[in-house]
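Please keep the sequence and the model in view while reading.

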Amino acid sequence: MTRYLEVFKANAIIYWRKFINIVSENERRSLTILFSLVLATLVFSASAVYAQKSIRQDQLNELVFSSLKSDHLIPLEYQTIEQKIKQTKAISIMFSQPDGTSFENVMTILDDPNQKNMLNRKFYYYPIVYDSETIAQKYQLDPRQVTFIFFQNGKEKNRFVVESLKDLNNEFIPELNRLPMWKLNG
């Protein structure tokens with residue numbers, strides 16, 4: 001085994017010296033190739049980051065936002081939440097995974113024609129699909145629960161968690177209307 005390692009080491013040294021000689025003889029060409037490889041790597045990396053964000057937004061549009069029927073929900077684009085909170089004087093956001101019993105119950109109430117007229121405002125919906133641990137830590141919430149948070153001038157002012165309500169059918173709309181949310185134009 002040690003003999004093979006010695007042979008491998010000797011061959012590696014020989015090839016390394018040949019490589020150094022070739023690079024030394026053609027410095028300009030070698031630098032051009034190296035610069036081209038670095039540039040190609042940077043372009044590929046940047047496009048991969050952009051493509052990932054674009055793919056995730058397309059997935060949210062197709063799988064989550066297209067199924068929303070409520071006129072009171074405004075979809076919030078992927079990775080724009082912090083910017084939207086900072087730029088908007090007052091904003092209300094519903095954080096939730098786009099599945100589960102509580103989410104389905106909330107959607108049922110929001111889609112109910114009798115309840116629609118009782119709700120006097122619109123709010124943004126940010127689905128917790130990607131980066132759920134980061135979102136949970138940043139906004140101090142449980143991603144498995146439906147949480148409404150009102151922000152004013154970039155700071156949290158009020159919140160409520162749907163799972164904390166005892167009678168969802170009777171308490172949800174009044175509790176949502178009690179939040180100091182300002183009417184949003186969709």
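How many aromatic pairs does the structure hold? There are nine, a pair being two rings of Phe, Tyr or Trp (its six-membered ring) with centres within 6.5 Å. The model is a predicted one, in which local features need pLDDT of at least 70 and side-chain atom pairs count only at pLDDT 80 or more, while totals for chains, interfaces and linings use all residues. Residues are numbered from 1 along each chain as its sequence is written, and side-chain values use heavy atoms, with hydrogens and water left out.

One of the aromatic pairs is formed by F148 and F160. Their rings are stacked (planes under 30 degrees apart), at 5.2 Å centre to centre and with 10 degrees between the planes. F148 belongs to strand 4 (residues 147-152) and F160 to strand 5 (residues 155-161), so the pair ties together parts that are 12 residues apart in sequence. Strands here are DSSP runs of E with at least two residues, and helices are runs of H or I with at least four, both numbered from the N terminus. Both F148 and F160 are buried, that is, under 20% relative accessible area with a 1.4 Å probe, protein chains only.

Q152 has K155 in strand 5 as its bridge partner. Two residues lie between the strands of this hairpin, where N153 takes a positive phi near 50 degrees.

Ring pairs also link F95, Y126, Y139 and F151 into a cluster.

The whole chain comprises seven helices and five strands, in the order α-α-β-α-β-α-α-β-α-β-β-α along the sequence. Its radius of gyration, taken over C-alpha atoms, is 27 Å, well over the 16 Å that the globule rule gives for 186 residues, so the chain is more spread out than a compact globule. That rule is 2.2 Å times the number of residues to the power 0.38. Along the principal axes, the C-alpha atoms fill a box of roughly 80 × 40 × 30 Å. Of the 186 residues, 33% count as buried.

Conventions: Phe/Tyr/Trp six-rings, centres within 6.5 Å; stacked < 30°, edge-to-face > 60°. Buried < 20%, exposed > 50% of the residue type's maximum accessible area, 1.4 Å probe, protein only. Pairing = 2+ DSSP bridges.
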